[in-house]
Amino acid sequence: PATELPGIRWQRCDLFSRLQTERALECGDYAVYLVHSMLPARLTQARQQAKSQGKFLFVDVYTTWCKPCKEMEQQVFALAEAGQLLNTHFIAIRIDADQDKSAQVNALKVTAYPTMFYFHPDGKTLHRQEGALDAAAFLELTQGLMQFRELESAYEKNKDKAEAVYNYLQVLDKVNSKKAELLAFNYLKDVPEKKLDETLNWQLVQRFVQPTQRVLFNRVIAHKELQEKYPAEFAAFVLKSIQTLKARAIELQKQALIDECIVYLNDYKAFIPKSDSLQLFFQLEYAEALQTENLVPLLKQYRAQYGTNDIDATLRMAYDLVQDHFRKDVLLFAEGLADETLPRQPTALAYLVKAIAQERLGNFKVAYANLLLSYQNADEEITPLINEYEKKLSTLLANEFAEGVNPASMKSHD
């Protein structure tokens, strides 16, 4: 009872609690729903509860039509471990974005579902998580964020201490990876040479040091104690870093970065198995991604060094090339590979490669002639592929000749 007046007894309840609502409505004659204030009050009330109880606030914004939202509800929130964690340390609420149009919820500016918010008891936002997480990732993130403020405070007081830096960056990395990388760089660049191989420092190096941080990266990979103390991890770190640099080279379209990769692969070949092969593969991948002029020379180099007399392997390479490229020099190279195999064993795939190459070169009649030849040795596996390609080629021929083409009569005539 909230207020007693003559002949009137008021009951107050949380309408989001079915049990409270049912109890409040028992023996009641009238029910007044304050709908205009109900939804805003829920988020506001949760914030106040979190502050007064010294708990974190967890807010899951979802929709009923969102499949990842339902999966999280069934596969994450329903777990006993997740429930215990949230119930013990958090005030946790879920908000249906289609139903709650309050100013407080709109202020969250949610555009993807689910979006989860973590707030410190003092009200400050710890983390905004857009997109679903599996159970393991959710528990790891949630447990880490509970320690965030304490770890941040410890870091601020001990920015030159490995343990404080490591503990803080482990959590910060999940929340703001760019900031974590910057703080790690600022710390590691000042770490004395003799301490760089200490366990926590080495862990930070592996996680955060990038090859684009040239001075620090070169200092790390030249560190003899690291090479001797962690040989396997060191080798994995160097290779991963070079692969990162290769991806960066392709993204930025910078040949100079690929050249750096080749230098690193050559200088640290003692730690990288098949370093010579990787040097060629890196150059080939860059040339293919950017369609550079040296693509065919590199393909020929690869063929000379690693090619075999195996017909199937040769034709697989040729087929991949005609499927992925439109350049004349690449198509002619692929056709040449197919031609190499024909004297030894005429195959349907060889003629199909030649047909695709000629079609992409604009020679539709020559392409069709090779396509017809491919039927002679076609098996059940490749016949559907040839039939599908014939439809495409027939259309191209029909467009080229005003009178059109009858594929069946052409085959008969051939």
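**View 1. Lysine and arginine charges over phenylalanine rings in the predicted model.** In this predicted model, K246 lies over the face of F282, and the distance to the ring centre is 4.8 Å. A second contact of this kind involves R360, whose charged end sits over the ring of F326 at 4.0 Å from the centre of that ring.

View 2. Across the whole structure, the search finds 19 aromatic pairs. One of them is formed by Y268 and F271, a tilted pair with 6.5 Å from centre to centre and 40° between the planes. Of these two residues, Y268 is buried, having a relative accessible area of 13%, whereas F271, at 23% relative accessibility, counts as partly exposed. In the pair of F281 and Y302, the ring centres are 5.9 Å apart and the planes meet at 50°, so this pair is tilted.

**View 3. A cluster of aromatic rings.** Here F56, F58, F77, F90, Y118 and F138 are linked into a cluster by ring pairs. Two of the secondary-structure elements described in the following views also contribute to this picture, since F77 falls within the residue range of helix α3 (residues 67-77) and F90 within that of strand β4 (residues 90-96).

View 4. R94 lies in strand β4 (residues 90-96) and E73 in helix α3 (residues 67-77), so the pair ties together parts that are 21 residues apart in sequence. R94 is partly exposed, at 23% relative accessibility, and E73 is also partly exposed, with a relative accessible area of 40%.

**View 5. Salt bridges of K354 with D339 and of D276 with K269.** D276 forms a salt bridge with K269, in which the closest N and O atoms are 3.5 Å apart, and K269 counts as partly exposed at 40% relative accessibility. The side chains of K354 and D339 meet in a salt bridge at 2.8 Å, N to O. This pair links distant parts of the chain, with K354 in helix α19 (residues 348-360) and D339 in helix α18 (residues 328-341), 15 residues apart. K354 counts as buried at 11% relative accessibility, whereas D339 is partly exposed, with a relative accessible area of 33%. Elsewhere, salt bridges that share partners join D60, E73 and R94 into one network.

**View 6. The antiparallel hairpin of strands β5 and β6.** Strand β5 (residues 115-119) and strand β6 (residues 125-130) run antiparallel and are joined by five bridges. Within this pairing, M116 stands opposite Q129 in β6. The hairpin has five residues between its strands, and in it G123 takes a positive phi near 100°.

Conventions
Residues are numbered from 1 along each chain as its sequence is written. This is a predicted model: local features need pLDDT of at least 70, side-chain atom pairs count only at pLDDT 80 or more; totals for chains, interfaces and linings use all residues. Side-chain values use heavy atoms; hydrogens and water are left out. Rings of Phe, Tyr and Trp (its six-membered ring) pair if their centres lie within 6.5 Å; planes under 30 degrees apart count as stacked, over 60 as edge-to-face and the rest as tilted. Buried means under 20% relative accessible area, exposed over 50%, partly exposed in between (1.4 Å probe, protein chains only). A charge sits over a ring if NZ of Lys or CZ of Arg is within 6 Å of the ring centre and within 35 degrees of the ring normal. Helices (H or I, at least four residues) and strands (E, at least two) are DSSP runs, numbered from the N terminus. A salt bridge is a side-chain nitrogen of Lys or Arg within 4 Å of a carboxyl oxygen of Asp or Glu. Two strands pair if DSSP finds at least two bridges between them.
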